[in-house]
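Hi everyone, thanks for coming along. I'd like to walk you through one structure today, so please have a look at it before I start talking.

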Amino acid sequence: MVTPLQNDLMLRAARRERTERTPVWMMRQAGRFDPEYRRLRESVDAPLEVLFRTPDLAAEISLLPRRFGVDAIIFFGDILIPLSPMGAEFVFRPGPVLNRPVRTSADIEAMRMFDPADKLPFVGQILRRVRRTLNNELPLLGFAGAPLTLLFFLAEGGSPGSDPQHAAPCCTTRPKQPTGCSLVWRT
């Protein structure tokens, strides 16, 4: 039997039910302005990509907004986490930067399939720690990068910005043209 959440406001709103108020949550980016988050980052002195992969720290950071009375907790991670085990390593300096963009058919062929349980075990560890601490107090939300979003990061080598010069041809050129990423599309 599943124990009901103590605060299900976010879930009711997501189901489009009438709620007494708009739910509140705090995205990771907002944490940059949280003095507790900043203190923790300074004391650890580790890059963001290390924090995402360290279960104790990621769980602690995920839970920081709880003290503000939020209606949901956001999993501390990044939508790009699946890229590293695929062979597209990235760092945050300050935003995401890939070691090498993926732009040719050879780059695409070099990417690897992977078992998330084997290559991303920290994700499950973080989720279990946060859920155990929350003890059905609040919903836990996560975000994932859709394939098109990940394609844009891979092709651009970082955040696509407003002029994705390398990613746009992937979506607009004919599949068999040997230009840029268009080689990923098969007919």
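This is a predicted model: local features need pLDDT of at least 70, side-chain atom pairs count only at pLDDT 80 or more; totals for chains, interfaces and linings use all residues.

Asn135 turns out to be exposed, with a relative accessible area of 54%. You will find Asn135 in the loop between α7 and β4. Its phi is near 50°, a positive value in a residue other than glycine. For context, most residues other than glycine have a negative phi, and most peptide bonds are trans.

There are a couple of other backbone spots to look at. Arg16, in the loop between α1 and α2, also has a positive phi, near 65°. Arg16 counts as exposed, at 77% relative accessibility. Then there is a cis peptide bond joining Arg93 and Pro94, with omega at about -5°. Pro94 sits in the loop between β2 and β3.

Now let's step back to the whole chain. The protein chain has 9 helices and 4 strands, and from the N terminus the elements run α-α-α-α-β-β-β-α-α-α-β-α-α. Of its 187 residues, 37% count as buried. If you take the contacts with a separation of 6 or more, 63% of them come from residues 24 or more positions apart.

Next, the helix that leads up to our asparagine. Helix α7 covers residues 121-134, which is 14 residues, and reaches 20 Å from its first C-alpha to its last, close to the 20 Å expected. Which residues of α7 are buried? They are Phe122, Ile126, Val130 and Leu134. Viewed down the axis of α7, these buried residues fall within an arc of 100°, so they line one face of the helix. The general rule behind that pattern is one you know well: an α-helix has 3.6 residues a turn, so residues three or four places apart point the same way. On the other side of α7, Arg128, Arg131 and Arg132 are exposed. The buried residues of α7 pack against several elements, including α3, α4 and β4.

That brings us to α4. Here 7 of the 9 residues are buried, so α4 is largely enclosed by the rest of the structure. Among its buried residues are Leu57, Ile61 and Leu63. The buried residues of α4 pack against α2, α3, β1 and α7.

Now for the aromatics. How many aromatic pairs does a search of the whole structure find? The search finds 4. In one of them, the rings of Phe52 and Phe76 have their centres 5.1 Å apart and their planes at 50°, so the pair is tilted. Phe52 lies in helix α3, and Phe76 lies in the loop between β1 and β2, so the pair ties together parts that are 24 residues apart in sequence. Both Phe52 and Phe76 are buried. Ring pairs link Tyr37, Phe52, Phe76, Phe90 and Phe92 into a cluster. And there is an arginine here too: Arg53 lies over the face of Phe90, at 5.6 Å from the ring centre.

Arg12 is found in helix α1, and Arg12 is buried, with a relative accessible area of 17%. Leaving aside residues up to four places away in sequence, Arg12 touches Glu17, Arg18, Thr19 and Glu20.

That's my tour, and I'm happy to go back to any part of it. Thanks!

Notes. Residues are numbered from 1 along each chain as its sequence is written. Side-chain values use heavy atoms; hydrogens and water are left out. Rings of Phe, Tyr and Trp (its six-membered ring) pair if their centres lie within 6.5 Å; planes under 30 degrees apart count as stacked, over 60 as edge-to-face and the rest as tilted. Helices (H or I, at least four residues) and strands (E, at least two) are DSSP runs, numbered from the N terminus. Buried means under 20% relative accessible area, exposed over 50%, partly exposed in between (1.4 Å probe, protein chains only). A charge sits over a ring if NZ of Lys or CZ of Arg is within 6 Å of the ring centre and within 35 degrees of the ring normal. Contact means heavy atoms within 4.5 Å. The expected span of a helix is 1.5 Å times one less than its number of residues. The arc is that of the directions from the helix axis to the C-beta atoms.
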